[in-house]
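Take a look at the spaces inside this protein and at its surface. Keep the view open as you read.

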Amino acid sequence: MSQDDKLTKEEKLRLIDQEINNLHDFCVKSGFTEEQIRSLSAPVARIADRGRRKTWLWRLLKVSLLVAAAVLCYSWDPAHRKVAIYGKLALMKVLPYWDWTYLYAEECLIDNPYYVQPPLLTAEDCEVCFDLRGVKRLRKVGHADMSDLLLDNVPLVVTDATQDWTELNQMSFDDFLKLFSTQKEFLTSGVCDFHCSLKKSLSTAHPSVLLSETQDRADWHAMWRNCEHDGVKLMRKFYGTRPYFLPPMVESQDSNWVFVSKGQNIKHFVPLPFEEHSVVWLAQVKGSILYRLEPDPICETTCKPIDVTLKPGETLVVPQDLWTVQLKNSKDSEPVVVVAATGTWD
């Protein structure tokens with residue numbers, strides 16, 4: 001093995017660089033001009049240029065292949081599903097060593113100290129109330145019209161949104177409650193934000209006990225949010241993944257709400273604890289409810305509370321930037337079932 005073979009790559013490069021410098025010094029001492037030196041070294045320079053081009057082309061090819069693979073993973077559904085599944089599994093494995101969940105809820109990884117969040121509402125937005133005369137009832141609402149109404153913070157009632165909910169519409173009140181004590185997806189899924197007027201007397205804060213533990217109670221009401229995947233998915237099967245009137249700009253949240261009531265006389269309007277998103281829709285499946293829409297305090301001098309009563313088959317759609325929702329029912333009303341969900345847009 002020659003002495004040169006024992007040199008490292010860095011040492012070989014330093015040796016070549018030294019030889020080139022020595023050759024340049026020799027040419028200068030021999031009286032060659034810089035132009036002559038460049039002309040004599042042109043063949044070597046061309047070889048070096050070709051080498052650099054090859055290196056950059058090879059790097060470009062690697063980046064192109066990576067981009068093509070990424071596009072394939074996101075555009076081809078089987079590949080996208082595999083990436084999503086293994087990505088989630090990898091994140092779950094990492095979780096005991098690094099809690100990355102706080103990053104999941106962040107909109108920006110790096111905060112901009114000079115950015116000021118603009119207010120959701122301004123006095124100009126409140127002017128929409130000048131033209132409001134109660135809540136309009138519409139049917140066959142197009143996406144363009146619905147988008148305009150939502151962006152203008154105008155609430156409305158859609159009268160034909162539940163006409164295809166055949167199975168849900170035909171259920172009795174007890175049959176509806178029975179779903180939560182017999183369907184595996186509901187039984188094994190926890191719920192969030194469970195509220196019940198009989199909560200202290202229930203064995204557990206879960207809708208699965210409502211049918212059996214309220215039989216001897218004439219007046220009660222309950223509300224909860226299906227927030228686990230299996231429960232949310234099964235509930236959506238009864239009303240469809242997405243009501244027809246929601247425009248494409250609205251992204252449905254991964255949860256849904258249920259309100260049930262039997263003979264309960266709610267004497268005062270009760271605020272509904274919906275998440276703060278862009279829009280909420282409430283479908284009246286059974287019974288009748290009086291809703292009150294309260295304007296945001298910014299608009300309280302311009303906008304007044306609006307009361308609207310829903311009958312079975314009607315859906316109240318409320319932009320949440322301007323309005324919050326409260327409800328009240330009467331003691332002589334039929335048993336009530338309301339299904340609701342929220343959505344957002346940028």
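A cavity is a set of grid points where a 1.4 Å probe fits but cannot get out. The model is predicted.

## Second largest cavity

The second largest cavity has a volume of about 40 Å³. Its lining includes Phe-173, Asp-174, Trp-220 and Lys-262. Helix H9 (173-182) and helix H11 (210-213) each supply at least two lining residues. H9 gives the most, with three. By class, this lining has five nonpolar, two polar and two charged residues.

## Largest cavity

Two cavities reach 30 Å³ or more. The largest holds about 50 Å³ of space. Among the residues that line the largest cavity are Met-223, Trp-257, Phe-274, Tyr-291 and Ala-340. Strand S6 (256-262) and strand S13 (336-344) each give at least two residues to this lining. The lining has twelve nonpolar residues, with no polar and no charged ones.

## Largest pocket

The largest pocket has a volume of about 850 Å³. Its lining counts 30 residues. Glu-275, Glu-276, His-277, Ser-278 and Asp-321 lie nearest the pocket's centre. Strand S12 (residues 323-328) gives the most to the lining, with four residues. By class, the pocket lining has 15 nonpolar, seven polar and eight charged residues.

## A nonpolar surface patch

Ile-85, Tyr-86, Leu-89 and Met-92 make a nonpolar patch of about 440 Å². Ile-85 is in helix H4 (residues 77-94). Ile-85 counts as partly exposed because its relative accessibility is 47%, and partly exposed covers the range between under 20% (buried) and over 50% (exposed).

Technical notes. Residues are numbered from 1 along each chain as its sequence is written. This is a predicted model: local features need pLDDT of at least 70, side-chain atom pairs count only at pLDDT 80 or more; totals for chains, interfaces and linings use all residues. Side-chain values use heavy atoms; hydrogens and water are left out. Patches are made of residues with over 30% relative accessible area and no salt bridge: like charges are joined within 9 Å, nonpolar side chains (Val, Leu, Ile, Met, Phe, Trp, Tyr) within 5 Å. Accessible areas come from the Shrake-Rupley method with a 1.4 Å probe; for residues, only the protein chains shown count as cover. A salt bridge is a side-chain nitrogen of Lys or Arg within 4 Å of a carboxyl oxygen of Asp or Glu. Buried means under 20% relative accessible area, exposed over 50%, partly exposed in between (1.4 Å probe, protein chains only). On a 1 Å grid over the protein atoms alone, a cavity is a set of points where a 1.4 Å probe fits but cannot get out, and a pocket is an open set with protein on both sides within 12 Å along at least five of seven lines; lining residues have an atom within 4 Å of a point. Grid points are joined across faces, edges and corners, and a volume is the space filled by probe spheres set on the points. Ala, Val, Leu, Ile, Met, Phe, Trp, Tyr, Cys and Pro count as nonpolar, Asp, Glu, Lys and Arg as charged, and the others, Gly among them, as polar.
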